[in-house]
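Please look over the sequence and the fold before reading on.

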Amino acid sequence: MNNLTIETISNACGGTIMGESASIDRIRSVEVRGVVTDNRKIKKDYVFIPIVGNRVDGHSFIDQALKDGALFTLAEHEIEGLDQPYILVDSSEIALKKIAAFYRRQLTIPIIGIIGSVGKTSTKEMIASVLGERFRVCKTQGNFNNEIGLPLTILSIQPEDEAAVVEMGISDFGEMHQLGEIAQPDMVVITNIGECHLEFLHDRDGVFRAKTEVFEHLAKEAAVIINTDDDKLAAIDEVPGAVVVRFGTRDQEIRADNISSQGMEGVNARLWIGQDSFEVNIPVPGVHNVYHALAAAAAANRLGMDSEAIRNGISHVESLAGRSRFVHLDNNITVIDDCYNASPISVKAGLDLLSRAENKKIAVLGDMAELGPTEIELHRGVGEHLANLPIDELYTAGDLAKNIGEAAQDSGTGCIIHSFDSREEMTDALLKSLTPDSTILVKASHCMEFPKVVEALEASTI
């Protein structure tokens with residue numbers, strides 16, 4: 001990694017190099033090959049940054065990290081008896097952010113930040129797939145999109161990479177300022193402004209203010225790519241120092257029409273870039289994926305890619321576990337694994353997708369977290385939406401999710417409703433009643449641990 005040595009890292013994070021002079025001199029000119037906070041990912045000449053968490057203190061793994069090949073480590077306190085150099089810092093987490101910001105300033109490749117209430121990961125995957133037709137792309141792995149994950153993503157960019165696509169996820173005011181200072185994106189894609197993290201952001205106006213904090217930290221001559229089918233984003237007329245690129249399904253520069261759901265085979269659409277257009281199949285089910293494709297087309301167009309390369313990249317995108325991934329089991333049972341997280345917008349989209357299945361349709365839903373004082377109303381809104389869809393059965397787990405079933409029932413649904421206090425009780429009942437020829441949507445907030453429901457379904461036999 002260019003210009004990352006023990007001295008430059010120490011200077012970047014304001015730390016103090018500790019250890020014997022001879023041991024420091026021995027590694028002084030060695031360039032770091034990687035930076036990790038998980039000692040199990042250590043490779044030769046990596047740097048270990050021990051984070052102090054709620055349950056685990058990373059300092060407990062310093063010895064093992066050094067044994068496994070770490071060039072040096074950071075530490076928040078002096079370490080007696082250590083015969084290898086380390087950097088003493090006040091806070092490992094703050095040091096990580098400063099190191100990532102230092103490294104970002106040396107990069108010349110385009111950094112594309114993905115922001116929004118829902119759809120960030122799907123949009124990231126779509127953009128990475130499209131850009132991958134021409135460039136070597138580094139992208140956020142897993143859920144590395146917060147104040148620790150984003151710096152690690154930036155620090156994972158290698159000299160041979162030609163573009164980077166990074167998620168930027170927040171839950172409170174001020175957090176986007178920190179992420180923006182680190183990423184300094186050349187492009188920002190904003191997917192939508194939804195009802196997420198309302199416990200802290202209060203309402204959609206608060207979500208909008210928090211997300212757009214990034215505008216104060218854009219790179220020079222940046223582009224802001226926005227979905228103007230979203231009413232809050234449509235109100236953005238200009239962003240100082242940046243070009244605004246609009247996408248959607250109406251009169252935007254980057255737009256889609258002739259949209260046709262192909263059920264579980266994806267979505268067909270015609271995409272327009274200015275006056276040029278092309279037909280494409282988006283191989284991920286759900287009409288909402290058209291917006292992900294439009295965002296990718298806008299970003300790729302900014303980087304000079306032609307329509308054929310954009311079409312190919314969209315056509316080759318794949319789903320990730322927990323993100324509308326289709327799991328095909330025996331007896332014509334399909335599980336829509338969409339249980340990474342949940343918000344009112346994304347649950348409604350998942351139900352819309354489920355409703356297009358041709359066999360028995362079962363929704364398995366859990367609590368949606370961090371919705372604030374209107375959480376019951378928002379859960380009931382999902383139930384009212386479900387009541388208008390041809391869904392056969394609903395299973396819910398959790399006190400909040402019960403409101404989904406109650407609202408659906410109050411709205412006159414013909415759906416059979418099963419409500420349970422716990423995920424375990426719900427899963428047992430679901431497995432006992434499971435029949436062939438069924439499609440099952442599994443979705444809830446991360447805290448509900450619904451991947452365990454998917455695992456139980458995959459292990460079941462009927």
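Contact here means heavy atoms within 4.5 Å. The model is predicted, with local features needing pLDDT of at least 70 and side-chain atom pairs counting only at pLDDT 80 or more, while totals for chains, interfaces and linings use all residues. Residues are numbered from 1 along each chain as its sequence is written, and side-chain values use heavy atoms, with hydrogens and water left out.

**Nonpolar cores**
- A nonpolar core is a set of buried Ala, Val, Leu, Ile, Met, Phe, Trp, Tyr and Cys residues joined through side-chain atoms within 4.5 Å, where buried means under 20% relative accessible area with a 1.4 Å probe, protein chains only.
- The largest nonpolar core has 56 residues, of which F72, L74, I157 and M168 touch the most other members.
- Helix α4 (residues 92–106) contributes the most to this core, with six residues.
- Another core, of 38 residues, lies apart from it and includes I112, I114, A296 and A299.

**Helix α1**
- Helices are DSSP runs of H or I with at least four residues, and strands are runs of E with at least two, numbered from the N terminus.
- In α1 (residues 6–13), the residues I6, T8, I9, S10 and C13 are buried, and the buried residues of this helix pack against elements including α2 (21–27), β4 (72–75) and α4.
- After α1 comes G14, whose phi is positive, near 70 degrees.

**Helix α4**
- Among the buried residues of α4 are S92, L96, F102 and R104, and the cover over its buried residues includes α1, β6 (111–115) and α7 (175–183).

Definitions and conventions:
Buried means under 20% relative accessible area, exposed over 50%, partly exposed in between (1.4 Å probe, protein chains only).
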